[in-house]
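Please look it over first.

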Amino acid sequence: MENMPPDAQDYHLDGFNPASPEAIDLIFKMGDDVIKATGAKTVFIGMDELMPPISEMVPGRDPAKVLAEYINKHHAHLAAQGVRMGMWAYHLLDAKYEGSCGSSGSAHYKDVTHAAIDMIPKDIILVDWYYSTKPGRPSYAYLKSKGFDA
């Protein structure tokens, strides 16, 4: 962020707080409107740009647990309507996956959140945004080994 122009450095200060009951309620209501209007049976909830880091929004709590709690709430909300959930795997992947969107513990995203992958339901569709053409894409093999559709 130190390389960003001063007027752009605070772009994330109004970002989604996954521990805020008000934010969760708003997101659920908007999603419910979309489901009602479209009859969607699968909803992709994003979860890629969690800025600022969870540790700044919810100090003193394990960011992986906060992330998992939110994912579990959203999953339960959708499942109760017969809707399957999909999301980006950014914060469920260790930054070690070269070319992957894996953000956990990276220079871009300091929180270590990838442990949340073991705390969420396996019927969530996880997608990894890939920044390279490197063959093999080991992050997908990892996600599948954890029991997820990827």
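This model is predicted: local features need pLDDT of at least 70, side-chain atom pairs count only at pLDDT 80 or more, and totals for chains, interfaces and linings use all residues. Residues are numbered from 1 along each chain as its sequence is written, and side-chain values use heavy atoms, with hydrogens and water left out.

Q: Which element gives the largest share of the lining of the largest pocket?
A: A pocket is an open set of points on a 1 Å grid over the protein atoms alone, where a 1.4 Å probe fits, with protein on both sides within 12 Å along at least five of seven lines; lining residues have an atom within 4 Å of a point. Here 23 residues line the largest pocket, with I27, I45, M47, Y70 and H74 nearest its centre. Helix 1 (21-38), strand 1 (42-44) and helix 3 (63-79) each give two or more residues to this lining. The largest share, 7 residues, comes from helix 1.

Q: Is L50 buried or exposed?
A: L50 sits in the loop between strand 1 and helix 2 (54-57). Buried means under 20% relative accessible area, and exposed over 50% (1.4 Å probe, protein chains only). L50 has 3% relative accessibility, so the residue counts as buried.

Q: Which residues is N17 in contact with, leaving aside its neighbours within four places in sequence?
A: N17 is in the segment before helix 1. Contact means heavy atoms within 4.5 Å. With neighbours within four places in sequence left aside, the contacts of N17 are A23, M57 and V58.

How values were computed. Helix = DSSP H or I, 4+ residues; strand = E, 2+ residues; numbered from the N terminus.
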